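I'm going through strand pairing first, then charges, then rings.

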Amino acid sequence: MHRERIVDIAERVNKRNTKLWFMMNENSRSSLHREQFVQANGGMFYQNDRGEWLWRSEFLVKNGYWLMRQDTGEKVFFENMSEFCRKHDLSIVKICEIMNGKRKSYKGWVPVEVRPVKDGPGSHKNVGENPENKKKYEVVYQTAIFKNWLTNEIVLVTNIPDFAKKINGDFKELYNLAQGKKPFYKEWTLATSTTAPPAVKKKVSKKET
């Protein structure tokens with residue numbers, strides 16, 4: 001059995017070329033994977049300057065900012081007001097004014113939503129302590145991304161014993177699946193697998209007949 005190890009979900013999903021980052025960015029079903037990830041973990045995905053899809057927790061979203069380009073309709077999310085304004089040669093005061101609804105637009109930018117922000121630093125009203133400061137990391141026994149071939153569901157599993165109980169499965173079998181020691185378990189495979197389990201193929205063939 002694997003020893004406990006420390007894993008940070010945000011780092012895994014946002015770190016370039018990790019398995020989870022690839023699923024959210026380069027996979028042919030990446031749009032569906034992002035949707036399922038948000039359903040399970042909350043927060044949202046947005047594209048950075050390089051076109052990568054990055055995930056932010058619910059707390060960071062509430063404390064971030066949305067603007068839209070009037071000419072292209074492109075929506076931009078950012079967390080640091082000073083950095084964004086410096087990068088685009090914008091006035092923090094005037095950006096705050098359009099976000100507060102005091103100004104309709106500024107240099108081609110309009111707010112996606114009007115939300116009260118302080119005119120000076122541009123920060124939102126305090127929405128509470130960031131839960132990530134209390135529990136930035138989680139303890140896991142084995143991390144794996146499984147696919148259910150009956151529902152096409154993609155699941156990020158950070159605790160295989162708990163997941164086994166949830167699906168009434170055998171955690172030892174799921175460990176073997178996560179380690180690549182077996183290609184499938186019931187209707188489950190690793191998300192990277194392109195071959196359906198035999199049990200699923202039989203069910204599909206029966207439906208077709």
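Which residue stands opposite Lys75 of β5? I looked it up, and Met68 is the one facing Lys75.

Ground rules before I go on. I'm working on a predicted model, where local features need pLDDT of at least 70, side-chain atom pairs count only at pLDDT 80 or more, and totals for chains, interfaces and linings use all residues. My numbering runs from 1 along each chain as its sequence is written, and side-chain values use heavy atoms, with hydrogens and water left out.

**Strands**

I take helices (H or I, at least four residues) and strands (E, at least two) as DSSP runs, numbered from the N terminus. Two strands pair if DSSP finds at least two bridges between them.

I checked β4 (residues 65-69) against β5 (residues 75-78): the two are antiparallel and share four bridges. Five residues sit between the strands of this hairpin, and Gly73 has a positive phi near 80° there.

I then looked for another partner of β4 and found β6 (residues 109-111), also antiparallel, with three bridges. Arg69 has Trp109 of β6 as its bridge partner.

**Salt bridges**

My criterion is a side-chain nitrogen of Lys or Arg within 4 Å of a carboxyl oxygen of Asp or Glu. Searching the whole structure gave me six salt bridges.

I noted Glu52 with Arg16, at 2.5 Å from N to O. Glu52 is in the loop between β2 (44-47) and β3 (53-56), and Arg16 is in the loop between α1 (9-14) and α2 (19-25), so this contact ties together parts 36 residues apart in sequence. For accessibility I use relative area: buried is under 20%, exposed is over 50%, and partly exposed is in between (1.4 Å probe, protein chains only). Glu52 comes out buried at 5%, while Arg16 is partly exposed at 44%.

Arg69 turned up again here, in a salt bridge with Asp71 at 3.5 Å, N to O. I have Arg69 as partly exposed at 23% and Asp71 as exposed at 58%.

I also logged Arg103 with Glu97, whose closest N and O atoms are 3.1 Å apart. Both partners are partly exposed: Arg103 at 31% and Glu97 at 23%. Through shared partners, salt bridges join Arg16, Arg50 and Glu52 into one network.

**Rings**

I count rings of Phe, Tyr and Trp (its six-membered ring) as a pair if their centres lie within 6.5 Å; planes under 30 degrees apart are stacked, over 60 edge-to-face, and the rest tilted. The whole-structure search finds 10 aromatic pairs.

How do Phe37 and Trp55 meet, and at what angle? I get centres 5.5 Å apart and planes at 80°, so I wrote down edge-to-face. Phe37 belongs to helix α3 (residues 30-41) and Trp55 to strand β3, so parts 18 residues apart in sequence are tied together. Phe37 and Trp55 are both buried.

Next I checked Trp66 and Phe77, a tilted pair at 5.4 Å centre to centre with 55° between the planes. Trp66 is in β4 and Phe77 in β5, so their contact ties together parts 11 residues apart in sequence. Phe77 is buried at 5%. Trp109 also came back, in one aromatic cluster with Tyr65, Phe78 and Phe84.

**Charges over rings**

My test is NZ of Lys or CZ of Arg within 6 Å of the ring centre and within 35 degrees of the ring normal. I noted Arg34 over the face of Trp53, 4.1 Å from the ring centre. Lys147 lies over the face of Trp149, at 3.9 Å from its ring centre.
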